[in-house]
Structure formats: structure tokens, C-alpha cells
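Subject: Structure handover

Hello,

Here is the structure I promised you. Please open it first, then read my notes below.

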Amino acid sequence: MKKISQFIKRYWQLFSAAAVILVIGLGVFGYSRSQVHAASGRTRVVFWHEMKGPGQKKLVTFINEFNKSQSKYEVVPQFQGGYNDVIQKIMNTHGTDASPAIFQSMDISTSQMYHSGFTVPMQKFIDKENYDVSKIASVARGVATRKGTLLAMPFNTSQTTLYYNAGLLKKYNITPPPVDPTYSDITRVSKQLYDRSNHKVKGISVESYSWLFEQFLSNANEEFANQHDGHTGISTKVNFTGPTAIKSMTWVQDRVKYGDFMNFGSHKNEMAAFLSNKLGIYMQTSADMSVLAKGLGKNLGVTYYPRPDGVKANGISVGGASLWISNDKSEAVQQGAWEFTKFLINPKNQARWEKATGYLAINQDSANEPILKQSYEKLPMLKVPSDQLKSAKANYTNSGIFVDGVVAARSLIQNAMQQIYAGKDVYKSLKAAEDSYNKVLESNNLANGWTK
């Protein structure tokens, strides 16, 4: 009996500690205990998200506002860690009480979520009430569309953007690049900055990050995988050695050879060098905009993603994540998830979202909202990524990669980029990555029963 009593006491101590941690955790996320339990009579809508920092803070604000704006639904936010974490959790919990009603999933997981059969398409709700989805940027919609059906709603949307230090260019009497630059335009600025600073300032950096490689292809209308990047069928081969792939990586390697290139191991190091006037140009997510604007103010220069000389810009795909509605919940809960989705993407809230986080407002009417108009008037360069998003019309190559297991492909591409930066043969490095992933793709397709 004494042992049993000690066990119960110990169990209660552990339970109490866990309860305290839970309450503290909810408090950190800005959501009180009373809000976690749906108010009497309300339909509870559990929302799994991966937002941190300013994104999490603003998201909680939206959730509280939505819950106060009506009395039918109660959205309950639950932070789930990084993008890669949530996918496995969805797979493990679907069909149980632990699964969410609505969740975020990153762009390259679109194919996996579609093939899981665990979600209900947003198109169902759009068609039901004739919702005008045309106001949502077509390229943003394209990444979550399959054969004309919108599977998920874009939410925290970003695009790769080219940033340059306008203050440094002015200091060394260098003409800035045009808004829609070619590789040659960027080469000129990079070399001049390196030479005129007596090699004290590096001209450019391109992180060995597959997302950047993918955008080089996208902007030149070159496919990453067959079956139109998987949008028209199951991809069986990838293409890492096409003309644009070779041209873009040769361009970067030429910068390394000339000396104006700064090779970084991470995005954070790039930003630090850029803000401290040690680096003139780099390409990264438009979600960096708010941080860079605070650091450089009017000395921040912004352009569209560069394109090969003589090639018209095709537009680039979006990054970030979309909102998915689970099909293992009741129709009432699904409807609540849809109502919350509409709330998040209305013009006013998308404008507030861009202002607070740097993610792009996907609702085209957001540009007319005072909060964005004032922001653009103060710092006109903030509008450039939004203009880039609007300038492109969705097609197969700028609508993301609809292929399962792209994370593995990205690792192989990033390794190839590092080899290229180290002076290895461009074609051979990319070909090795291509061959390796084709084997992975063949194995995945066979395991899923998609090939004979």
C-alpha cells in the first residue's frame, strides 16, 4: 500500500507539473486558459500552425479577433514546431481526436498532402458559396492547385527577392540594377562594387539553398521535373541539367572565380554581412523585408529575381505555407475552418499581415488598404515583391513543384551547389544530384504503386 501511495503521489506531482507547463506555454502564445476551451455552444476549431516571432504574435491577434467577431466558432491555436514536423504529425494523428481541423503545410508538401487523402479541397467551399477567389494572386493559388481545383488556401506567402545596398552603390558611384534584372545587370553591379571598394566589399552572395536554384529555373520557364513539374501527372524524372540550370550555376561560379562572391553557410550570416556593409547583393525570401528595412531604411534596394540574358521573366513560385482543412472532422467544424480562412485572407487582414511580418499580402485588394499604402509611400521599395508576385501569370513552372519527397531533392541540390562553389565541374555536380534523386523518385513511386 505504501508503494502504491508513493506511486500515486509521484504521478500527481508529474501531472501537476505538466499542467503548469501547459498553462505557462499557452500564456506565452498569448492565449489564455479560458480561451482554450470553446465557449458554451460554440464549435471548436483546432488550428495547428508553425508561426514564430512576429508571425505568431500577429496570428494570435487574428484568432482572438475572429473569436470575438462571432459566437458560432472558437478557433484554438496549437503551435507544432517547424514545417517538416507538422507533416508527420498530421500523418500520425489523422482520424483521431488529436488531429486538427485546419493546419499549415509548406509549399513543397502539397503533393504529399494531396495524395494522403486526408483533406477536403478549399474548392468545395468556394463553389458552395461562389466565393471570388480571383482576388488571390494566381501564382500563390497555383502552388496549391491540382487540375483546376484549389486544394489549400495560400496564407503566409513569400517570394525570393534580390536585395542590394543602395547606400553602398551611391558611395561608390554605381548605377543600381533595373527592377527586372538579368544576370549581366547583376554581374555589372557586383564587379563594380568589389573593384571600386578595393575588394573591401563583396559584390554578391547566393546561398547554397535549393529554393534559389528552383527559382532560377522557374523564372526562365524551365521545368524541374517531368509531367510539368508534377502538375499533370506523377513525375518520373527530374531535370537538374537543363540549359538554365547550367547557365545559372555557371554564372554563380564565375562570380566565385572573379572574387566578388561571398560564400556563406547560412542565410543568417548573409543578412548580417549585408546589414554591416560587407556585402552588396543577396537573394532571399521577401519575408526578410521588414528586418532589412529597419536596418537600412531608404538605403535598401529591391528588385525582382534575376533572369538569364535574352529571356523574358516567367515569374517565380511562392514559398511559405497554405491552409488545409482536414476531412476527418464534422461538416460544422470544417465550415468553421473555412470561415476562419476567409477571415485571414480578407484584404484588411492580409494588409496587416504583410505590414507586421514581411509575408506578402495575397489578396490584391490589400494594396488599397491604408496601412499598406502608407507603408509603400514611406518606403517604396517595400512594394517591389508584391509587384513581382502580381506581374506573373500562373503556369506550370512558376506554380511550385508537385512532387512527393522534394526535401530529399533539395539536399542533393544543395550539396551540388556547394561543390560548384568549390570549383567542381558544374554539369557533373548537377548530374550526380539528378541521377541520385531519380533513383529516389523511382523508389518512392514504386512504393506508392504509381509505376508498374
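Some ground rules. This is a predicted model, where local features need pLDDT of at least 70 and side-chain atom pairs count only at pLDDT 80 or more, while totals for chains, interfaces and linings use all residues. Residues are numbered from 1 along each chain as its sequence is written, and side-chain values use heavy atoms, with hydrogens and water left out.

Now the overall picture. The protein chain has 20 helices and 12 strands (DSSP runs, H or I of at least four residues and E of at least two, numbered from the N terminus). Of its 452 residues, 53% count as buried (under 20% relative accessible area, 1.4 Å probe, protein chains only).

Helix 6 (residues 122–129) and helix 15 (residues 331–344) have axes that come within 11 Å and cross at roughly 80° (lines fitted to C-alpha atoms over the stretch in contact, angles from 0 to 180 degrees between N-to-C directions). That makes helix 6 roughly perpendicular to helix 15 (65 to 115 degrees). The contact (heavy atoms within 4.5 Å) includes Phe125 of helix 6 and Trp338 of helix 15.

Best wishes

Methods: Parallel < 35°, antiparallel > 145°, perpendicular 65-115°, else oblique. Buried < 20%, exposed > 50% of the residue type's maximum accessible area, 1.4 Å probe, protein only.
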